[in-house]
Amino acid sequence: MAQTTHTSPPAGKQILSEQVYTHLRDAIMRGDHAPGDALKPQDLAKEQGVSLAVVREALVRVVGEGLADRLPNRGFAIPAYSDRRWQEIGEARRTIEPVMLRMAVERGDVDWEARVRASHHRLTRTPAYVAGEGEHYSSAWAEAHRLFHRTLLEGCGNLVLLETFDRLWTASELARRWSVHRNPDRDGAAEHRRLEEAVLARDADTAAELLIRHLTQTAAGLTGCTHHEPEREV
């Protein structure tokens, strides 16, 4: 009896698909496409000199990461400012991450404390904006920012919760970049510094409160509203 064999896509096609995906993802992150802009497969295929199949594969991947929408009978598009999903992602993060941070403060060891200090130091020394990288945060700063927030939570020791954080972080990346221009008076560096101080002081209540406020400011920025609350001394 003949056996059915399953073949993988040719290596060359896989490499090409990865290149198109990386190019598209970077363009979205740089702000080359405005909120609500259509992502037309035909135009992208012509621009990159590849087939429609390769472009559609890349588009499906960025949709899976929350960086684009697939609209019924309308193709693909950059999420809009008003998309309710941004607020839902913010609500999910404000629900999950403070709990993880409390766990981290309770469970984290000295090595975790050292990583928190190192990740915050890297964040403060990384330029947020670099000429030629578009109007949004530089890729190096974005990665330092992600590592700082993830390191804060790693002390919880729960891999399932950390995987949830990773998915929500990627899905909220565009919202984070867009919101900074809608709340220019926000002092994100001070917010990060206070978070580090509260965590290293093992003050779980203050750390959780500061994180909720930090996440709320990002969500509020998308609606053009800033959240003014009296600041608590830490």
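I began at Phe165, which is buried, with a relative accessible area of 1%. For the term I used under 20% relative accessible area as buried, over 50% as exposed, and in between as partly exposed, with a 1.4 Å probe and protein chains only.

A note on the model. It is predicted, so I kept in mind that local features need pLDDT of at least 70, that side-chain atom pairs count only at pLDDT 80 or more, and that totals for chains, interfaces and linings use all residues. Residues are numbered from 1 along each chain as its sequence is written, and side-chain values use heavy atoms, with hydrogens and water left out.

Entry on the aromatic pair. I searched the whole structure and found one aromatic pair. It joins Phe165 and Trp169, with 5.5 Å centre to centre and 40 degrees between the planes, and is tilted. The rule I applied pairs rings of Phe, Tyr and Trp (its six-membered ring) if their centres lie within 6.5 Å; planes under 30 degrees apart are stacked, over 60 edge-to-face and the rest tilted. Phe165 and Trp169 are four residues apart in helix 7 (residues 159-171), so about one helical turn separates them. Trp169 is also buried, at 5% relative accessibility.

Entry on His145. I looked up which residues His145 touches, leaving aside its neighbours within four places in sequence, and Trp169 is one of them. Contact here means heavy atoms within 4.5 Å. The side chain of His145 also makes a polar contact with the side chain of His192, at 3.2 Å. A polar contact is a pair of N or O atoms within 3.5 Å; within protein, one must be able to donate a hydrogen and the other to accept it, and residues adjacent in sequence count only if both atoms are side-chain atoms. His145 lies in helix 6 (residues 139-154) and is buried, with a relative accessible area of 5%.

Entry on Arg61. Is Arg61 buried or partly exposed? It is partly exposed, with a relative accessible area of 33%. Arg61 lies in helix 3 (residues 52-64). Apart from neighbours within four places in sequence, Arg61 is in contact with Glu18 and Tyr21. I noted that Arg61 and Tyr21 are 40 residues apart in sequence and 7.4 Å apart in space, C-alpha to C-alpha.

Entry on the chain. I counted ten helices and three strands. Helices (H or I, at least four residues) and strands (E, at least two) are DSSP runs, numbered from the N terminus. From the N terminus on, the order is α-β-α-α-β-β-α-α-α-α-α-α-α. Of the 234 residues, 42% count as buried. Among contacts between residues at least 6 apart in sequence, 69% join residues at least 24 apart.
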